[in-house]
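Take a walk through this model, one residue at a time. Keep the sequence beside the structure as you read.

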Amino acid sequence: MRTASVHDPSVFRDRDGKYYIFGTHMASAVSANLISWKQTDFLRNGIDNETAAKIRAWNKDDVVEKWYDYLWAPDIIYNKKMRKY
């Protein structure tokens, strides 16, 4: 069994049948069975440099080092009509 560390988790099952968990600081992991998890960076890697710069500029707190350290307790929904998360 493999584990993953995600604070303030949100879990969803995608159309591919896999489970995805993500949370504060855009930590993420994937599982086929909700027991064994593989830590990933699919959320962090999915944000382009321009968007990351906008997130950093929006937050005036200079205490954190990385742009994703501003992001806490996310949630996700899938819009069937738009076919987007």
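Where does Thr24 lie? Thr24 sits in the loop between strand 2 (19-22) and strand 3 (28-31). Helices (H or I, at least four residues) and strands (E, at least two) are DSSP runs, numbered from the N terminus. This is a predicted model, in which local features need pLDDT of at least 70, side-chain atom pairs count only at pLDDT 80 or more, and totals for chains, interfaces and linings use all residues. Residues are numbered from 1 along each chain as its sequence is written, and side-chain values use heavy atoms, with hydrogens and water left out.

Stay with Thr24. Its relative accessibility is 3%, so Thr24 counts as buried. Buried means under 20% relative accessible area, exposed over 50%, and partly exposed in between (1.4 Å probe, protein chains only). Beyond its neighbours within four places in sequence, Thr24 contacts His7, Asp8, Leu71, Trp72, Ala73 and Pro74. Contact here means heavy atoms within 4.5 Å.

Now move to a strand. Thr40 belongs to strand 4 (residues 38-40). Thr40 is buried because its relative accessibility is 18%. Setting aside residues up to four places away in sequence, Thr40 touches Ser28, Ala29 and Val30.

Next comes a helix. Helix 2 (residues 49-58) holds Arg56. Is Arg56 buried, exposed or partly exposed? Arg56 has a relative accessible area of 31%, so it is partly exposed. Not counting residues up to four places away in sequence, Arg56 touches Val64, Glu65, Lys66, Trp67 and Tyr70. Lys18 and Arg56 are 38 residues apart in sequence. Their C-alpha to C-alpha distance is 31 Å.
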